[in-house]
Amino acid sequence: QVQLVESGGGWVQAGGSLRLSCAASGSIFKINDMGWYRQVPGKQRELVATITSGSSTNYADSVKGRFTISRDNAKNTVYLHMNSLKPEDTSVYYCNARVVSTPSRFVNDYWGQGTQVTVSS
């Protein structure tokens with residue numbers, strides 16, 4: 001089994017910054033793509049940013065230039081650095097990892113429990 005544990009959410013004023021972390025642990029052979037998604041009540045979960053094992057990145061248009069995704073493969077951890085936060089960034093943020101498990105080599109998507117980010121105007 002694989003677990004993803006997020007940390008770093010909280011409350012911040014508009015224009016401020018936060019850093020989210022997500023550490024994967026368990027029966028991991030390799031982690032392919034990792035990413036961050038967010039969801040507000042009543043709406044679908046939306047992509048924020050993704051990063052491949054080779055560190056190629058992809059961002060939602062709404063966060064380009066403000067958010068930076070990175071990863072530490074040795075620690076099985078993905079980060080989301082959020083700058084110039086806006087009230088519309090308020091959401092629950094979820095990390096995701098596409099994991100190749102050991103010893104089965106099966107590939108599955110795993111999700112963190114979610115962390116609340118609140119940006120006040």
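Leaving aside neighbours within four places in sequence, Ser21 is in contact with Val5, Glu6, Ser7, Trp36, Val78 and Tyr79, contact meaning heavy atoms within 4.5 Å. The model is predicted, so local features need pLDDT of at least 70 and side-chain atom pairs count only at pLDDT 80 or more, while totals for chains, interfaces and linings use all residues. Residues are numbered from 1 along each chain as its sequence is written, and side-chain values use heavy atoms, with hydrogens and water left out.

Ser21 belongs to strand E3. Strands (E, at least two residues) and helices (H or I, at least four) are DSSP runs, numbered from the N terminus. Ser21 counts as buried because its relative accessibility is 13%. Buried means under 20% relative accessible area, exposed over 50% and partly exposed in between, for a 1.4 Å probe and protein chains only.

The largest nonpolar core has 30 residues. Such a core is a set of buried Ala, Val, Leu, Ile, Met, Phe, Trp, Tyr and Cys residues joined through side-chain atoms within 4.5 Å. Trp36, Leu80, Met82 and Tyr93 have the most contacts inside this core. Among the elements giving two or more residues to the core are strands E1 (2-7), E3 (18-26), E4 (28-39) and E8 (77-82). Beyond its neighbours within four places in sequence, Met82 is in contact with Gly16, Ser17, Leu18, Leu20, Arg66, Phe67, Tyr93 and Val117.

The count of aromatic pairs comes to 1. Rings of Phe, Tyr and Trp (its six-membered ring) pair if their centres lie within 6.5 Å; planes under 30 degrees apart count as stacked, over 60 as edge-to-face and the rest as tilted. Tyr37 and Trp111 form an edge-to-face pair, at 5.1 Å centre to centre and 65° between the planes. The pair links distant parts of the chain, with Tyr37 in strand E4 and Trp111 in strand E10 (residues 107-111), 74 residues apart. Tyr37 is buried, at 19% relative accessibility. Trp111 is partly exposed, at 38%.

Two rings carry a charge over the face. Arg45 lies over Trp111, at 4.7 Å from the ring centre. Arg105 lies over Phe29, at 3.6 Å from the ring centre. The rule requires NZ of Lys or CZ of Arg within 6 Å of the ring centre and within 35 degrees of the ring normal.

Lys86 is found in the loop between E8 and E9. Its relative accessible area is 35%, so Lys86 is partly exposed. Lys86 touches Arg66 and Val119, not counting residues up to four places away in sequence.
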